[in-house]
Amino acid sequence: MFRIAPLGRTVAAVDGPRGIPRGRPIWAHLSVAFLVIITARGARGHPPRADLPINTLPGGSTTSLHRGDLGIGIAIPHSHPMAARLGVPALLLLLLATSLATAAAAAGDEGAEKVAVALYYESLCPYSARFVVDHLARVFEDGLLDAADLTLVPYGNARVHAGGEISCQHGPYECLLNTVEACAIDAWPDLDVHFRFIYCVEDLVVKRQYKSWDSCFQKLGLDPKPVTECYKNEKGHKLELKYANQTDALVPPHRYVPWVVVDGQPLLEDYENFEVYICKAYKGTSPPNVCEGLVHPPMALETVVARNGVTYNSGGIKLATAEDEGRDSKIKMRLPDDDN
């Protein structure tokens with residue numbers, strides 16, 4: 001049951017007739033200010049809040065109305081009984097109904113789970129690099145991360161041999177960069193941080209400057225020590241073995257990279273349209289605005305035609321580049337002092 005808790009009263013210094021402060025029209029004291037504060041229990045780790053003073057209007061008092069885990073504050077002036085006769089109770093009920101509807105809708109969207117999105121890739125695959133740089137980076141600009149939980153798995157078509165040795169499709173340097181990016185994810189669990197670093201490295205891959213990957217530390221103002229210590233010792237190797245297990249456990253198994261999985265569904269060669277699948281899988285009542293303009297192309301996953309936009313596990317494949325294939329890289333994420 002709702003309860004009203006008076007939280008104080010402000011008295012005008014000079015009152016006019018019938019207790020109304022001089023110089024103010026009657027309607028000015030019949031306004032109602034309200035603010036809805038959604039505090040669903042457990043939402044984002046914040047405890048519920050109640051009895052919150054919202055506002056004190058001139059010549060009136062402030063009250064707080066709350067119910068359960070939703071705190072709804074409404075400030076009502078009590079300058080004169082005339083307010084009741086002029087319909088404030090009816091207005092209060094209307095505002096309360098609107099507030100409850102808004103709170104319920106927002107709380108429902110707050111409780112919606114994010115869509116799981118995973119990218120299985122390898123660092124020197126040209127298609128993986130361009131996907132990261134030209135497509136995946138968009139989610140940091142268009143608000144889609146509000147609906148998606150993104151995970152990066154830098155392993156791809158590598159293989160673990162007897163004794164735990166790992167060989168990579170594009171050679172030892174790819175194994176190095178796979179481990180470097182795995183260490184970055186471990187060192188900086190915050191997606192915003194480790195993705196920017198991985199983006200920087202993959203941007204250099206697209207530009208055929210990947211041997212300068214360590215310049216990304218300075219560009220982004222990141223301390224290289226945790227990553228350097230990681231990839232140079234057994235920790236980096238253990239991280240890659242962990243990603244090997246994750247990749248090998250895929251059902252169905254991955255056939256190439258990049259391999260994008262949205263809400264448990266592999267997108268096969270339709271991976272560039274991953275945003276459409278995120279929007280379709282999202283169950284919240286208020287999807288990101290970008291979803292409104294996304295239209296699924298006429299391509300069903302079951303009938304996808306190969307576009308040669310992936311790297312198969314062919315072994316010893318030569319590293320292609322954007323320049324080799326006549327495509328210019330489209331840089332979506334700004335990097336500090338990126339003159340390369």
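Predicted model: local features only at pLDDT ≥ 70, side-chain atom pairs only at ≥ 80, totals over all residues.
**Reading a helix, a buried Asn and a sheet**

Biologist: Okay, so is Asn178 buried or exposed?

Modeller: The cut-off for buried is under 20% relative accessible area. Asn178 has a relative accessibility of 0%, so it counts as buried.

Biologist: And which helix holds Asn178?

Modeller: Asn178 sits in helix α4. Its C-alpha atom is 9.0 Å from that of Val153, a residue 25 places away along the chain.

Biologist: Which residues of α8 are buried?

Modeller: Gly236, Leu239, Glu240, Tyr243, Ala244 and Thr247. Look down the axis of α8 and these buried residues fall within an arc of 145°, so they line one face of the helix. On the other side of α8 you'll find Lys238, Asn245 and Asp248, which are exposed.

Biologist: What do the buried residues of α8 pack against?

Modeller: Quite a list: the strands β5 (115-121), β6 (148-154), β7 (159-160) and β8 (166-167), plus the helices α4 (172-187) and α7 (225-231).

Biologist: What goes on at the start of α8?

Modeller: There, Asn233 has a side-chain oxygen within 2.8 Å of the backbone nitrogen of Lys235.

Biologist: Now the sheet. What is the order of its strands?

Modeller: For a sheet, you ask who pairs with whom; two strands pair if DSSP finds at least two bridges between them. Here 4 strands make an open sheet in the order β6-β5-β10-β11, with mixed pairing. β6 and β11 (265-266) are the edge strands, each with a single partner, so one side of each has no neighbour in the sheet.

Biologist: How do β10 and β11 pair?

Modeller: Strand β10 (residues 259-262) and β11 are antiparallel, over 2 bridges. In one of the pairs, Val262 has Gln265 of β11 as its bridge partner.

Biologist: Where does α4 pack?

Modeller: On the sheet, touching β5 and β6, with its direction at about 145° to that of β6. Helix α9 (residues 274-281) lies across β5, β6, β10 and β11, and runs at about 15° to β10.

Methods:
Residues numbered from 1 in each chain as written. Heavy atoms only, no water. Buried < 20%, exposed > 50% of the residue type's maximum accessible area, 1.4 Å probe, protein only. Arc of directions from axis to C-beta. Contact = heavy atoms within 4.5 Å. Polar contact = N/O pair within 3.5 Å; in protein donor to acceptor, adjacent residues only side chain to side chain. Axes fitted to C-alpha atoms, helices over the stretch in contact; angles between N-to-C directions.
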